Amino acid sequence: MSLLIENATVLTAGKTPAVLRNHSILIEDGYIAKVAPKNRFQGFAGKRIDAAGKVVAPGFINAHTHFYSTFARGLTKTKPAGSFVEVLENLWWRLDSALTTEDCYYSALIALLDAIRHGTTTLIDHHASPGSVRGSLQAIEKAVKQTGVRACLCYELSDRDGARISKEGLEENVGFIRRCQATRATHLSALFGLHAAFTLKDATLAKAAALGQELGAGFHIHVAEAKSDQDYSEKKHRRRVVERLNQFGILGPRSIAAHCVHVNRREMGLLAETQTAVVHNPQSNLNNAVGIADVVSLMRRGVLVGLGTDAMTTNMLEEVRVAVWAQHLRAQDPSVGFGEVVSALLFNNPAIGGRCFNLPLGELREGCVADVVLIDYDPPTPLEAGNTFGHVVFGMSQAAVDTTIVAGRVLMQNKRLTLNLDEPRINARARELAKELWRRL
């Protein structure tokens, strides 16, 4: 259970980020036991990994994704969409309704393997499969355990498929939250999933809020992703989306509001007051043409803003680059938003993940969990604590991840997965399932 990473250029991240050259990291029982110069470990007799020519950093965290979207890759037989609601109706609500429990498992398994290859060690997922609600989270749990990553799961409660499916969604959330609380697993946690305010009746929101609060669970919900969400809320409920969620007690320090593209200052204030985390998903927002969240204003008002991918990728370094360009475009100013979005990835995502798992994530220092990535990056210009963000966005993001470690367990080394999984067989079965799914659509 001991591992020594040697000859590393260490990016510690955390509250006092530093760049430590020619250092070693000692990992014991899933945690970082020591970070020090190489000569401090001369008597070590366990497994060693040589990190010469590499940057060693904390594993990346994806604060909002959808494993179930894996089987949409290559799908062409959908009606063109002229609005965000049509994107949901023509693609996602048709696809998620047709998923089987086996589809859910393989979708998650493939997404998790891809995450390992990109150094993403923790993912916060938002699942939907209205045709196979019961047991869907346990199917995903199986994939999580087989791959060794950390994942926080929930089921997407909605009224769009009728009362029976809504009831099953409530029960799936409650059952899985209780399961995680009982096992106290360090690799699995749960939130109470909600689709979006515009697909949830007041009575359903009230039930979910009461159950979630009774369990002490936070909520994970899409918020004001498109302007249509706000328009519906103001017309139907005479209040804006964040105000309505706050009325029902959905907001709070353990809750995640994904997107928040169309929130006003009052709503930003409520998100800050309730300590609700917001997760920005720039590639998805651009792809769906819904707008670009005002990350700078949200942060200035004290909102904890993290970064997710909404399943567009598992590569957080790809996502952070797009987030930078998107903030520049939104402000029509190439000097705006750079520090904010990189901070969202390196500092805020660990804070959000820490809320979900109650673990010290996202930092390479003694006592933190040993979620570590080695990146093939030998900086051609000086790398220092003060210019790390520039190297992350313009250098490391273009380099390959060599090794991925979660809780001290090496999941990938020298760019080869070390898991006891037959990938060709997994991909072959996934193709069969995807073909069947597309036929059902």
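**Strands, helices and loops**

Tutor: Strand β6 (residues 60–65) and β7 run parallel and are joined by four bridges. Keep in mind throughout that this is a predicted model.

Student: Which residue of β7 stands opposite Thr65?

Tutor: β7 covers residues 120–125. It is paired with β6 in the parallel sense. The residue of β7 opposite Thr65 is Asp125.

Student: What is the strand order of the open sheet of four strands with parallel pairing, and which strands stand at its edges?

Tutor: β7 also pairs with strand β8 (residues 150–153), in the parallel sense and over three bridges. β8 in turn is joined to β9 by three bridges, again parallel. The order is therefore β6-β7-β8-β9, and because β6 and β9 (188–190) each have a single partner strand, the edges are β6 and β9.

Student: How large is the average twist from one strand to the next in that sheet?

Tutor: The sheet in question is the open one with the order β6-β7-β8-β9. From one strand to the next, its twist averages 15°.

Student: What is the bridge partner of Thr122 in β8?

Tutor: β7 and β8 share three bridges. For Thr122, the partner in β8 is Arg150.

Student: How many residues of β7 are buried?

Tutor: Buried here requires a relative accessible area under 20%. Strand β7 is mostly covered, and the number of its residues that are buried is six of six.

Student: At about what angle to β8 does helix α3 run?

Tutor: Helix α4 packs on this sheet too, touching β8 and β9, and its direction makes about 135° with that of β9. Helix α3 (residues 136–147) lies across β7, β8 and β9, and its angle to β8 is about 170°.

Student: Are α4 and α5 roughly parallel or roughly antiparallel?

Tutor: The axes of α4 (residues 163–183) and α5 come within 11 Å and cross at roughly 10°. Angles under 35 degrees count as roughly parallel. That makes the relation of α4 to α5 roughly parallel.

Student: How many nonpolar residues does the contact of α4 with α5 have?

Tutor: On the α4 side the contact includes Leu170, Val174 and Ile177, and on the α5 side it includes Ala208, Leu211 and Leu215. Charged residues also take part, among them Arg178 of α4 and Lys207 of α5. By class there are three charged and three polar residues, and the nonpolar ones number six.

Student: Is Cys260 buried or exposed?

Tutor: Cys260 lies in the loop between β12 (256–259) and α8 (265–273). Its phi is near 50°, a positive value in a residue other than glycine. With a relative accessible area of 1%, Cys260 is buried.

Student: Which residue in the turn between β2 and β3 has a positive phi?

Tutor: Strands β2 (residues 19–28) and β3 (residues 31–37) run antiparallel and are joined by six bridges. Ile27 has Ile32 as its bridge partner in β3. The two strands form a hairpin with two residues between them, and the one with a positive phi, about 50°, is Asp29.

Conventions:
Residues are numbered from 1 along each chain as its sequence is written. This is a predicted model: local features need pLDDT of at least 70, side-chain atom pairs count only at pLDDT 80 or more; totals for chains, interfaces and linings use all residues. Side-chain values use heavy atoms; hydrogens and water are left out. Axes are lines fitted to C-alpha atoms, for helices over the stretch in contact, and angles run from 0 to 180 degrees between N-to-C directions. Angles under 35 degrees count as roughly parallel, over 145 as roughly antiparallel, 65 to 115 as roughly perpendicular and the rest as oblique. Contact means heavy atoms within 4.5 Å. Two strands pair if DSSP finds at least two bridges between them. Buried means under 20% relative accessible area, exposed over 50%, partly exposed in between (1.4 Å probe, protein chains only).
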